[in-house]
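Please examine the sequence and the structure shown below.

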Amino acid sequence: MRIIVNLDKVLADRNMKSKELAENIGITEANLSILKSGKAKAVRFSTLEAICKELDCQPGDILAFQLD
Amino acid sequence: MLLIKNNFMSMFGPKYLSHILFYLFRGLSIFGLLSVIYYDVSFLIENFRHENDRYLIDIPLIGTFMKGEFQFNVILTVSLTLIFIIIFFFVLSNIFKALKEDVVFNHKTIKNLHYFTVLNLGVGPALYLLVHYVIMQKENYRDIHNLILLILFGVVALFLTTTFKKGVHVQNENDLTI
């Protein structure tokens, strides 16, 4: 069981680069990379809110639950 | 008031204390190293006075001297104890060196606390038993307080090691919270 981060897909749909998103939501590119790679242990509501606002999407579009 | 408090914290805050304690304990370990070298070399090159079965080694600059019974077991005991003290202060200084870093909960602190625990719960008591019963062949318990003190240090270090291990775990999780 694990949480999948579909941020790359949503970014591609919006034709936006990671660097641009990181700058707009106020986190570092390194942290965004950790989030995209699935290495993050947790996501703050404030970060999730900022991403959803910037990409005009729902949390479910970015995060998904997958059974192994 | 807040400015005074902030200035006070920057002068005497935890990092400042870690710096001072690092230099203090590192200095003590170097002083111990120089002492044991001077002590043992003095016997090798016969740089000591011999009076009534006792040796007297003059300490330069200070004008005082080290003295004790002129017996091999006494000299060996003093040397071994000094070597233990050197390692004790060296490891202690390494703990404070690790605590100087920006992130206090790091693997270096845990490693050095682990060494300190082993030193106090393993090496120290073993050295005490070796010196007390084998080298000096004593049958009393006069110096038992040293052993109790070492074990107390070791137990405290053991608790601190466990606490820091949990701290590192929490720190890692916090670093990976985006």
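Read from the N terminus, the elements of chain A follow the order β-α-α-α-α-α-β. Chain A thus contains 5 helices and 2 strands, where helices (H or I, at least four residues) and strands (E, at least two) are DSSP runs numbered from the N terminus. The model is a predicted one, in which local features need pLDDT of at least 70, side-chain atom pairs count only at pLDDT 80 or more, and totals for chains, interfaces and linings use all residues. Residues are numbered from 1 along each chain as its sequence is written, chains are lettered from A and ligands numbered from 1 in the order in which they are written, and side-chain values use heavy atoms, with hydrogens and water left out.

The overall form of chain A can be described by its radius of gyration, which is taken over C-alpha atoms and compared with the globule rule, 2.2 Å times the number of residues to the power 0.38. For chain A the radius is 11 Å, close to the 11 Å that the rule gives for 68 residues, so chain A is as compact as a globular protein of that length. Along the principal axes, its C-alpha trace spans about 35 × 20 × 20 Å. Of the 68 residues in chain A, 29% are buried; buried means under 20% relative accessible area, exposed means over 50%, and partly exposed lies in between (1.4 Å probe, protein chains only). Contacts are defined by heavy atoms within 4.5 Å. Among the contacts in chain A with a separation of 6 or more, 69% join residues 24 or more positions apart.

Chain A carries 10 positive and 10 negative side chains, and the centres of the two sets lie 6 Å apart. In this count Lys and Arg are positive and Asp and Glu negative, while His and the chain ends are not counted; each charge is placed at NZ of Lys, CZ of Arg, CG of Asp or CD of Glu.

Chain B has 5 helices and 3 strands, in the order α-α-β-β-β-α-α-α from the N terminus. Its radius of gyration is 21 Å, whereas a compact globule of 178 residues would have one near 16 Å. The C-alpha atoms of chain B fill a box of roughly 75 × 35 × 30 Å along the principal axes. Buried residues make up 34% of the 178 residues in chain B.

The interior comes next. A nonpolar core is a set of buried Ala, Val, Leu, Ile, Met, Phe, Trp, Tyr and Cys residues joined through side-chain atoms within 4.5 Å. The largest such core has 21 residues, and those with the most contacts inside it include B:Phe84, B:Phe88 and B:Phe116. Two or more residues each come from α2 (14-44), α3 (72-99), α4 (107-135) and α5 (144-175) of chain B. The most, 8 residues, come from α3(B). Beyond its neighbours within four places in sequence, B:Phe84 is in contact with B:Leu119, B:Val123, B:Gly124, B:Leu127 and B:Leu150. Another core, of 18 residues, lies apart from this one and has A:Leu11, A:Ala22, A:Leu32 and A:Cys57 among its members.

Two further residues of chain B are of interest here. B:Thr117 lies in helix α4 of chain B and counts as buried because its relative accessibility is 7%. B:Gly68, in strand β3 (residues 65-69) of chain B, is buried at 9% relative accessibility. Leaving aside neighbours within four places in sequence, B:Gly68 is in contact with B:Asp53, B:Arg54 and B:Tyr55.

Finally, consider backbone angles. Most residues other than glycine have a negative phi. A:Asn15, in the loop between α1 (7-14) and α2 (18-25) of chain A, has a positive phi near 55°. B:Glu46, in the loop between α2 and β1 (49-51) of chain B, also has a positive phi, of about 55°. A:Asn15 is exposed, at 71% relative accessibility, and B:Glu46 is exposed, with a relative accessible area of 62%.
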